[in-house]
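User: I'd like to learn how to read helix packing and a nonpolar core from a model. Could you walk me through it?

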There are 2 protein chains.
Amino acid sequence: MATDQATPPVDRRQQAFRTPAVDVDELTALLDGRYREVRELVRANLVEHAQILVDAEEMGQAEFRERVKDVVVHMASTGQTGMGFPTEYGGGGDIGASLAAFETLAFGDLSVLVKVGVQFGLFGGAILQLGTKIHHDRYLADLISGRTMGCFAMTETGHGSNVQALGTVARYDAEAEEFVITTPDDASRKDYIGNAAAHAELAAVFAQLEVDGESHGVHAFVVHIRRDGAVVDGVRIEDCGDKMGLDGVDNGRIWFDGLRVPRTALLNQFAEVTPEGRYLSPIDNPNRRFFTMLGTLVQGRVCVGGAGINAAKVALTIATRYADRRRQFEASSTDEEERLLDYGMHQRRLFPMIAENYALHFAQEVVAGQLHDVFSGPGPVDTGTDEQARRMLEARAAGTKALGTWHATRTIQECREACGGAGYLSENRFTALKADTDVFTTFEGDNHVLLQLVAKGLLTDYSSEFEDMDQFGMVRFVAGVAVETVVERTAVHKLFQSIRDLLPGGDEWDQEAGLLDPNYQLAMLRFREEHMLGGVARRLKRGIDSGMSPGAVFSRVQDHVIATARAHTERLVLEAFVAKVATVPDKDTKVALNLLCDLYALTTIEADRAWFMEHGRLSSARSKAISREVSDLCRKIRPIAVDLVDAFGVPDALLRSPELLAWGE
Amino acid sequence: MATDQATPPVDRRQQAFRTPAVDVDELTALLDGRYREVRELVRANLVEHAQILVDAEEMGQAEFRERVKDVVVHMASTGQTGMGFPTEYGGGGDIGASLAAFETLAFGDLSVLVKVGVQFGLFGGAILQLGTKIHHDRYLADLISGRTMGCFAMTETGHGSNVQALGTVARYDAEAEEFVITTPDDASRKDYIGNAAAHAELAAVFAQLEVDGESHGVHAFVVHIRRDGAVVDGVRIEDCGDKMGLDGVDNGRIWFDGLRVPRTALLNQFAEVTPEGRYLSPIDNPNRRFFTMLGTLVQGRVCVGGAGINAAKVALTIATRYADRRRQFEASSTDEEERLLDYGMHQRRLFPMIAENYALHFAQEVVAGQLHDVFSGPGPVDTGTDEQARRMLEARAAGTKALGTWHATRTIQECREACGGAGYLSENRFTALKADTDVFTTFEGDNHVLLQLVAKGLLTDYSSEFEDMDQFGMVRFVAGVAVETVVERTAVHKLFQSIRDLLPGGDEWDQEAGLLDPNYQLAMLRFREEHMLGGVARRLKRGIDSGMSPGAVFSRVQDHVIATARAHTERLVLEAFVAKVATVPDKDTKVALNLLCDLYALTTIEADRAWFMEHGRLSSARSKAISREVSDLCRKIRPIAVDLVDAFGVPDALLRSPELLAWGE
C-alpha cells in the first residue's frame, strides 16, 4: 500500500472531481430493490422489538430463549417469516420476498434470525421441498404460524461436512408399516441442532434408509421428538450448553433408540416405500437422488450469506458515523478540526469494506434472484427444471456464502477496533455482532469446503461426471477413477475455452487501459480465474500421472483450488456490481456507486497484485499506481461516506451505541 | 500462494530431509528460558484454579467478580504476583520474573490476568515508580498481598490516546495543604477503569496539577475512592456495564467533585509541591517530565503484548491437536487415513501462525530482558539511566505489543474456524479467548497509535527534538514547526546511514542467495525498512514544502508511516528469532527451530512480496519459489506440529475442549 510517489499529481486530478450529492433515500431504494416493502416491514418489526437487543444482555439463557421464541412467533403473525410458502397454507408464495425478509432480519438480534432460519428455512423448507401433499396438509399451516416448532436434524458429530456418510439408520418394518430410527454410535448423534434443546416438537431427521436389508442412502423423515413439551420415548435430547453467541437459540443433541414412526413419516418427494416394503424413486441413480434432495436446501446457504452481508452493515454504520464525529485529539487547536475519518489510514480501513459490502449486496441479489427463479417452477420440486441452472445456483450460493460470511467476520472486527475501547462495551452492538456471526463461517457448510465445491463445479464444467462424485470434498474426487477422465477429457481444453469466451477480445484485452475502466477491471479478474483454473487442472493431472497418491496430490493443490474458487466468486461479485451500476441513470447516485465499484475492483486487484505481477499482468509502476488510485478513491468517498452507510437503512433504534454516536460531545 | 509449478522437484528435496525428533521438554525449557521456575509456579497455580474457566460461564457477573478477586488474592499469597516489587515490602525484587509470571498467566482465565495487571502492574507500578518512600511504606506491603485493592485512573472518555490533554484538575490549596481534585466535564470523567466499579479502595489518579493558578501538566496522586467498601464523599463511581468479555473485571467510570486529599497524595518522584505551594521538579522541561513519568509505565505494554502471544498458544494447541486427530471424512476407506492436518490448506492456515508465535515469543523475551535491565538500575526510578535505552525500549515495547495482540486476534479466530462448528461451543476455550483478548488491540495504547509512535521514534532517530513533540500521534508532530527541522536535519541522511549500517555489505547483499539463508531473509526485511522509512521522510518533507496543510500531508502518508513501523518491528522480531536459534546446540531441536524460523521469515516476505517486486528486490520466478518453499516447509513441519505446540507447555487442565481433543473417537 505504501508508495513513495509525490502527492501533487493526485491533487490535480482531484481538483477536477466534483463530490456527488447523495440522495440517501434513492440509494436505499436501490439497495432494497424489488422487495422494498418487505424490507420495510422487517425494519418496522425489528424496531418494535428493539428491546430484545438489551434483553440479550440482561436475561438468563432460559428466559432469553423464550423471549426469542415469542418474538419469532410474533413476527410470523405479521406474515414476515412465511413469505416463501404457498399461499394456500397461509404463506406469501414468493421465495424472493422470503429471502429479502430474512437477510434484513440480520440488522437485529441474530438469535431471532437463526431461530427463524431453523424454523421456516430448514425445517419448513424440508417439509415443503422434500415432503408431498400429505405432509404439507398436516404441517405447513402450523409451522408457518409458529404454532408448531420444528428442527432440522441433519448434522452428526462425526460427519460434519459429509452428510452422505451419516450414521443414523431408518429401517423399514413391513410388518408394522413403520420405520425404526436408531443412532448406532456416538459419532452419529445429531449435533448442534437448533430448536432441539427446548422448543421443537417435530424434527426433519436425515437417516440411512434400509428396506429389507438393502440400503438406499440418506432420506428425510418427519418425526415427533416431543409431544406437549415432553420428549417422546425412543428419543434422548441433550443441551449443547453455552455457546460463543446466539444465546437465544436452543441447540441440542439428539439420539434415537429404536424410535418407531409411521410409513408416512418418510418425506417422499423423491422416493417412496410401499406398505409391503418396495422402494420406488423417480431418480434411479442414488447419488443423483441424494444431490437432488440436498439441492433443494440450497436456500439455507443463500440465507446465511445474506445474513452475514447485512449484519456487517450494522457494524459499518456505527464505525463510520463514529469516525465522522470523533476527533483524534479533542484538545487540538480549534482550527485543526480533523475527525478520525479524515485520516488516510482510517479511510483505508473502512471504505474498502463499505465498497465490498455494496458489491456483495448486489451479488447476493443476483443469487437470490436465481434461487427465486429456479424454485418458482411449476411444482414445489421439479426434477425436470434445468439442471444446469440448479448447479450454477448451488456453486454461486456456496461462493457467495463463503465470501459474505468472511466479510462479516473481518468487517465487524475491524469496525470494533476502529471504535477503540468503547467498542468493547456491550451497549454498543459489536459484542453481539461478533459473537453471534462468528459461526456463520462454518455453518451451512464450512467456507473452505464450500469453496472446494465451487472449484469442483468449475473443473467438471458441470459435465455428466458430476453425479458420480461426492459433493463434499475434492479428496474422493481426486482419489476416485473419475479424476483422470474428467481432467483429461473435459477440463483442460474445454474449460479454457469456456472461460476465454468471457474475455473481451479473448486474450487480447488492453492491459494498459485506464484503471477505472470496468472492462479492464473485469478482464483482470477473468484472466486470473482462467489462469488459476488451468493451473489447478494441470497440477492435478500431473500429480496423478506421476504416480503420487491422490491424497498427497490434493493436499498440495488444495490452496490453489481454494484460491481459484475465490477468484471465480470475486469475478462474479464484480460482474454483479458493474451490471447493477449500468442500470442506474447517469446522475449523482451513479457517480457515488461508480466510486464504490472502482474501489471494490481496485482493492480486489491490489490485494492480489503480487499474483498479477508474478503472472506478467501488472508492471511495478502500474501496481503502485493502483495503490495510489485506491487512496485517491478513498479521499473522494470521504465526504459521502456517512451517506453511503446511512443508505443501508439500518434503523437508528437498532444501532444502540449511545456514547459512540452521540453528537456534539 | 497458488503456483503452477510441477511437484516432483519438491519431492526430491524432501527426500533428503530427515524429520527431527523433537524433545518436547527441552523445547519447553528453551521457551521458558531464564524464568522456568516462575512459569512452573504459575502453571501450578492455574491448574489449581482451573475451575474458574467453568465458573466464568456459569456464574453471574457479581459473583464472578468476587471469584476472580479471590483467585488473584490467593495467587498473591504464593508470591506469584509480587515478583517485581522490592523484597523489603514482601516482593520478589526481580522485574523479569514478574513479566514471565504475568505472561504465563495468559494460559488461564483472562479476567484474572487483567485484574492482576491492574492491581500489581498499573496501580502497583504507579505507586512504586512515581511514588517515593512515604508512599512505598504506606501502600506497598498491602497492595502486594492484595489486602488493599487499587485502580489506575488515567484514561478519560474524551481523551483516549491523548493523556497529555486530559481534563481532570488537581488544584493546590496552600491554606489547607491539600489538593482539590475535580472533573470539569463529562469528557474528563475517568473511563474503563479496571477495579473501579467494585473493589478498589485506592486510585492512582492522573490530573492536571495547578499551583497558584499555574498549570504544571499531568501528575499522579494516590487517593482513597472507597473506605471499607463505601465510596467516599467527593467521588462518584458508575459501572461501565456489560462488556464483550473480561466479565470478572469490574470496569468503572469515576468523577471527582472537589475531592480533598493531603499534600502527600502527590506521587512525588518527579515533582514536589512544598507545603507553602512552591512547585519543584528535577526535570525542568515539562514535556520531558511528562514523558519520563509515562515512560515508567512501559511495563503495561510489555505485559499486554506478552499476554496476547501466550493466549494465542492456547488456541494453537487446541486447533493443532484437533486437526491431528480429526479425519475429514470419517467414513473414508480405511487405507485413506488422512487427518485434517495432512491437508495443505490446513497446514497453510495453522503452521505460519505457530512459527509467528515462536518468533514473537523470542522477540518478547528480548523486550522483557531490556525492560528488566533498564528498570533494575540503582534506584526505583533513575532519570540518569541511559535515556536512549529507555526510548528504544519504549518503541520496541509499542511495536511488539501491536504485533503480539494482532497476532492473538487473528490466530484465535483462525483456530476457532479450523475447529469448525464445535469451536463455537463454550466448553472449548475459543469463546472466552476471543471475547477476552479482543480488547488487547486497543488497550494500553491503540495499535495504530502505537505504531505511529514507533515510526516517530525512527524518524527522529531519538534525537533531542523528541521531547518537544507529543507522544501520541504524528499529527501535531507534522503540524508543529519541529517537522521541518527534524525531517531536514536528521532523518533523511542520518537515518539512511544508520539503517544502511545494519545491512551486511551495505546495499550489496546477495539478492539471489538461498531462500533459507537467514542473512538473505534479514537483508530483505532490512532493505524494506530502510526504503520505506526514506520514502516516508521524503513524502513528509515534500508535502510540507509544497504548502499542503500538515493535516492533509499526514493523512496521505499515514498508511506508509504505519507500514514502516510494522516493517521495523518485523525486522526486530526476525532478528530475535535468528539470534535465539543461533544459541541452540546443533541437534534436532535446532533443526526444528530452524524450520519455524525459516517459515516465519518466508511467510513474512511472502505476505509483502508485492512490495518487494514493486521495488525490484524479487523477480516473479523467485516470488513463486518463496511460495513453494513455504508449502514445502509446512510439509516438513507436519510430523512435528503437535510436539511444537505441546512445547508451549499449556497444562491440559486449561485446554478443556473434551470433545475436540478426545482421542480415538
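**Reading a helix pair and a core**

Analyst: Happy to! Bear in mind that this is a predicted model. Let's begin with a helix pair: on the H2(A) side, Asp25(A), Thr28(A), Ala29(A), Leu31(A) and Asp32(A) are in contact with Arg36(A), Arg39(A), Glu40(A) and Arg43(A) of H3(A).

User: Which residue classes make up the contact of H2(A) with H3(A)?

Analyst: Sorted by class, there are 6 charged residues, 2 nonpolar and 1 polar.

User: At what angle do helix H2 and helix H3 of chain A pack?

Analyst: The angle is about 105°, and the axes of H2 (residues 24-32) and H3 (residues 36-48) lie 9 Å apart. Angles of 65 to 115 degrees count as roughly perpendicular, so H2(A) is roughly perpendicular to H3(A).

User: And how should I approach the core?

Analyst: Start with the general idea: nonpolar side chains tend to be buried together in soluble globular proteins. Here, the largest nonpolar core holds 327 residues, and the members touching the most others are Tyr358 and Phe577 in chain A and Tyr358 and Phe577 in chain B.

User: Which residues does Tyr358(A) touch, leaving out those up to four places away in sequence?

Analyst: Its partners are Leu27(A), Leu31(A), Phe577(A), Leu593(A), Leu596(A), Leu644(A), Ala647(A) and Phe648(A). Leu31(A) also belongs to the H2(A) side of the helix contact we began with.

User: How many helices and strands does chain A have, and what share of its residues counts as buried?

Analyst: Chain A contains 24 helices and 12 strands, and 65% of its 665 residues count as buried.

Technical notes
Residues are numbered from 1 along each chain as its sequence is written. Chains are lettered from A and ligands numbered from 1 in the order in which they are written. This is a predicted model: local features need pLDDT of at least 70, side-chain atom pairs count only at pLDDT 80 or more; totals for chains, interfaces and linings use all residues. Side-chain values use heavy atoms; hydrogens and water are left out. A nonpolar core is a set of buried Ala, Val, Leu, Ile, Met, Phe, Trp, Tyr and Cys residues joined through side-chain atoms within 4.5 Å. Buried means under 20% relative accessible area, exposed over 50%, partly exposed in between (1.4 Å probe, protein chains only). Contact means heavy atoms within 4.5 Å. Axes are lines fitted to C-alpha atoms, for helices over the stretch in contact, and angles run from 0 to 180 degrees between N-to-C directions. Helices (H or I, at least four residues) and strands (E, at least two) are DSSP runs, numbered from the N terminus. Angles under 35 degrees count as roughly parallel, over 145 as roughly antiparallel, 65 to 115 as roughly perpendicular and the rest as oblique. Ala, Val, Leu, Ile, Met, Phe, Trp, Tyr, Cys and Pro count as nonpolar, Asp, Glu, Lys and Arg as charged, and the others, Gly among them, as polar.
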